[in-house]
Amino acid sequence: MLATIIQRAVMQGTPLLFGSTGEILTEKSGHLNLGIPGIMYVGAISGVAGAFLYEQSTAMLNPFLAVFIPLICCLIGSMFMGLIYCFLTVTLRANQNVTGLALTTFGIGIGNFFGGSLIKLVDTDVPSISLSTTSVIFKTQIPFANKMGWFGDVFFSYGFLVYVAIIVALISSYVLNKTRVGLHLRSVGESPETADAAGINVTKYKYVSTCIGSAIAGLGGLYYVMDYANGVWSNNGFGDRGWLSIALVIFSVWRPSLSILGSILFGFLYVIPTYIPNITVSTKILFEMLPYVVTILVLVITSIRDKKENQPPASLGLAYFREER
Amino acid sequence: MNKLTNAVWNCFGKASIHIAKRDDIAWWKSWIIRVISVVMALIVCGFLTVALTDLNPIDVYVTMIKGAVGTPRLVWNLLQNTAILLCVSLAVTPAFKMRFWNIGAEGQVLIGGLATATCMIFLGEVVPGPVLIPMMFVISVIAGAFWAFIPAFFKARFNSNETLFTLMMNYIAIQIVAYFTLEWSVPKGSGTPRTLEFGQLPMLFGQKYLINIIVVILITVLMYIYLKYTKQGYEISVVGESENTARYIGINVKKVILRTMAISGAVCGIAGFLLVAGTDHSLKSDTAGGRGFTAIMVSWLAKFHPGFMVLTSLLIVFLEKGASKISEVYRLNSSFSDIITGIIIFFIIGSEFFINYKIKSNRKSKEEN
């Protein structure tokens with residue numbers, strides 16, 4: 001029973017982990033990207049479109065291509081969204097909140113529009129896209145997982161994207177804290193003027209970190225559709241997971257390594273109501289509030305304790321214009 | 001290789017062109033830039049529509065206009081939606097002028113609506129209408145102000161990040177409202193929201209939405225006066241320009257933050273009141289319908305000016321209504337309107353750059369020297 005709960009918590013948490021790792025990288029460059037929910041939708045639908053077209057084109061799926069095509073489509077789609085955001089906020093110095101929210105509207109629109117329209121390309125009576133074949137490949141487990149009892153359930157029972165999420169978070173954590181590139185990136189987020197004076201190419205760092213961050217966040221959407229939802233696209237099915245990822249960024253005080261644990265905790269809060277006996281639907285709704293309440297508590301506590309290393313990047317949300325003093 | 005990439009990056013920043021801040025721009029020039037950007041956006045949307053649907057874009061735009069203002073009922077609908085969006089946009093404006101990023105309007109509207117619905121359900125049968133409606137109004141205003149006051153308190157006292165705080169408060173409000181919607185639904189637990197019969201706003205001259213529109217016009221005028229001609233409005237501008245200056249000239253910054261956010265939340269509360277008592281006569285978790293977020297764009301696009309906000313909110317609602325008509329007529333997915341709105345906002349956001357900055361060619365300025 002406990003093993004199942006943990007297993008489901010990890011599966012719930014993985015999209016959030018992708019989203020928050022991406023958002024942390026972006027925020028470290030001083031950009032609050034509120035477009036993450038939209039980017040995750042676009043990542044998901046790009047992957048779905050790629051997989052759908054590939055499934056339509058051949059009778060026999062090549063397992064490698066069946067994973068590779070959606071993956072590449074997802075990365076390209078979500079990076080493109082990141083590029084729109086960068087162009088507007090970095091090059092044109094637009095307001096980050098407004099741009100991000102517009103990006104979310106746009107991205108969710110794209111996701112739901114194409115999610116609803118792709119199905120019209122084929123003559124079927126099925127109400128929604130179902131990519132079960134591709135999904136099975138995405139969900140392939142390590143062969144010996146189910147022979148190891150609870151240990152296998154907890155650690156080895158997931159599709160490969162779960163491990164990718166954890167590895168990406170660990171790599172991001174390493175890059176941010178232990179490398180020169182990470183040091184430069186953090187300095188850009190803390191004080192772009194100083195970074196610029198030190199000869200760091202601020203624009204380049206902002207562009208690269210936001211685009212990579214968006215691509216990582218997009219993978220969260222892909223994981224949700226292909227693995228968690230068994231390859232079935234349903235409009236608005238992704239729900240408010242995008243906003244939860246932004247909450248997770250605060251919860252993990254801008255540390256990708258902490259957000260691995262945070263994502264599992266959020267996933268745990270998400271699935272726990274189903275395991276409480278005799279729970280009513282309305283109480284379940286109140287439970288869904290918990291991740292946000294916990295996040296606010298963390299935000300309040302970190303600001304009261306006022307420790308330098310637990311604060312948001314100092315220039316978060318501010319546009320940088322070299323000639324402005 | 002490294003040299004090459006650096007050269008590419010430099011193109012954005014300094015190589016052959018040079019970007020400078022404009023001191024001032026004639027108002028007509030800035031509006032020409034904005035109009036050009038909207039036209040360009042419509043052209044891009046036209047191409048997109050053709051690519052996706054093989055339809056004649058002009059037909060599509062005609063359908064769009066018909067869908068938004070084709071019949072008197074649609075016009076009233078358009079006006080009422082504009083009024084509510086305008087109300088929320090006005091609400092977030094004082095906070096934005098202070099550079100306090102209140103993106104929690106969605107939640108503040110919902111809590112205001114929840115307060116209204118609570119009054120309508122529990123006091124509806126006890127208190128007569130003429131007393132009930134003012135009571136509902138006052139309680140919603142207090143509820144909205146309270147919801148906005150929480151993040152403001154932590155911002156003023158501990159400097160918590162207000163953008164993230166208000167964002168999180170939205171989802172707490174949404175879940176609370178979802179909980180009560182379910183508790184109050186008829187039959188209980190079914191999820192069908194209860195129709196609130198007592199305390200509905202009266203019709204004026206046979207028009208259901210007229211009272212909403214009048215209230216919002218009143219708020220627009222008051223907000224304009226408040227921001228432009230009162231001492232408090234001036235204090236907001238000073239805090240927004242520079243907190244240090246404000247402190248130096250003796251403005252109590254904390255007090256201004258708390259007061260302004262309470263006002264911001266209070267006006268959101270009014271929007272919630274109008275939505276529940278005047279428009280929907282019911283409460284759902286999507287009663288605010290994303291307006292809290294759209295309002296941020298509306299307010300920003302209007303440069304925080306209440307007068308221009310009438311135009312920008314009308315533009316956004318017009319696009320939404322028109323695009324949803326397109327999707328209905330041509331049997332597209334209803335999310336088509338979100339894509340169109342998104343593209344148009346991108347273009348307007350982008351155009352602000354050309355209003356605020358000018359691009360000079362470096363070579364030319366050297367020749368001048």
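Student: Okay, so is A:W254 buried or exposed?
Tutor: A:W254 counts as buried, because it has 23 C-beta neighbours inside 10 Å, and the cut-off for that label is 20 or more. Please keep in mind throughout that this is a predicted model.

Student: Where in chain A is A:W254?
Tutor: A:W254 sits in the loop between α11 and α12 of chain A. Its phi is near 60°, which is a positive value in a residue other than glycine.

Student: And what about A:V253, what is its phi?
Tutor: A:V253 also has a positive phi, of about 35°, although it is not a glycine. The loop that holds A:V253 is the one between α11 and α12 (256–271) of chain A.

Student: How many C-beta neighbours does A:V253 have inside 10 Å, and how does it count?
Tutor: A:V253 has 19 C-beta neighbours inside 10 Å, so it counts as partly exposed; a residue needs 20 or more to be called buried.

Student: Let's go into α11 of chain A itself. Which residues does A:S245 touch, if we leave aside its neighbours within four places in sequence?
Tutor: A:S245, which lies in helix α11 of chain A, is in contact with A:L16, A:G19, A:S20, A:E23, A:I36 and A:G220 once those neighbours are set aside. A:S245 counts as buried because it has 27 C-beta neighbours inside 10 Å.

Student: How far is A:S245 from A:F113?
Tutor: Their C-alpha atoms are separated by 23 Å, and along the chain A:S245 and A:F113 are 132 residues apart.

Student: Zooming out now, what is the secondary structure of chain A?
Tutor: Chain A comes to 14 helices and zero strands, and its radius of gyration is 20 Å, close to the 20 Å that the globule rule gives for 325 residues, so chain A is as compact as a globular protein of that length. Along the principal axes, the C-alpha atoms of chain A fill a box of roughly 60 × 45 × 40 Å.

Student: How much of chain A is buried?
Tutor: Buried residues make up 54% of the 325 residues in chain A. Turning to contacts in chain A with a separation of 6 or more, 80% of them are accounted for by residues 24 or more positions apart.

Student: Can we look at a pair of helices? At what angle do α2 and α3 of chain A pack?
Tutor: Helix α2 (residues 36–57) of chain A and α3(A) pack at an angle of about 145°, and their axes are 7 Å apart. The crossing of α2(A) and α3(A) is right-handed.

Student: Which residues meet there?
Tutor: On the α2(A) side they include A:G38, A:V42, A:G43, A:G47 and A:Y54, while those on the α3(A) side include A:L65, A:I69, A:C73, A:G77 and A:M81. By type, the residues of this contact of α2(A) with α3(A) divide into 13 nonpolar, eight polar and no charged.

Student: New topic: how many residues of chain A are in contact with chain B?
Tutor: There are 48 residues of chain A in contact with 43 residues of chain B. Several helices of chain A each supply at least two residues to the side that touches chain B, among them α3 (63–91), α10 (202–228) and α14 (290–305).

Student: Which helix gives the most to that side of chain A?
Tutor: That is α4(A), with 14 residues on the side of chain A that touches chain B. The residues of that side divide into 27 nonpolar, 15 polar and six charged.

Student: And chain B, how many helices and strands are there?
Tutor: Chain B has 15 helices and two strands, and of its 369 residues, 46% count as buried.

Student: What about α7 of chain B, how far does it reach?
Tutor: Helix α7 (residues 162–184) of chain B has 23 residues and reaches 32 Å from its first C-alpha to its last, close to the 33 Å expected at 1.5 Å a residue. α7(B) is mostly covered, with 19 of its 23 residues buried.

Student: Last one: where is B:G278 found?
Tutor: B:G278 is in helix α11 (residues 253–280) of chain B, and it is buried, with 23 other C-beta atoms within 10 Å. Although B:G278 and B:Q80 are 198 residues apart along the chain, their C-alpha atoms are separated by 9.8 Å.

Methods: Residues numbered from 1 in each chain as written. Chains lettered and ligands numbered in written order. Predicted model: local features only at pLDDT ≥ 70, side-chain atom pairs only at ≥ 80, totals over all residues. Helix = DSSP H or I, 4+ residues; strand = E, 2+ residues; numbered from the N terminus. Rg over C-alpha atoms; globule rule 2.2 N^0.38 Å. Buried ≥ 20, exposed ≤ 12 C-beta atoms within 10 Å, placed from the backbone. Contact = placed C-beta atoms within 7 Å. Nonpolar A, V, L, I, M, F, W, Y, C, P; charged D, E, K, R; others polar. Expected span 1.5 Å × (residues − 1). Axes fitted to C-alpha atoms, helices over the stretch in contact; angles between N-to-C directions. Left-handed = near helix turned anticlockwise from the far one by under 90°.
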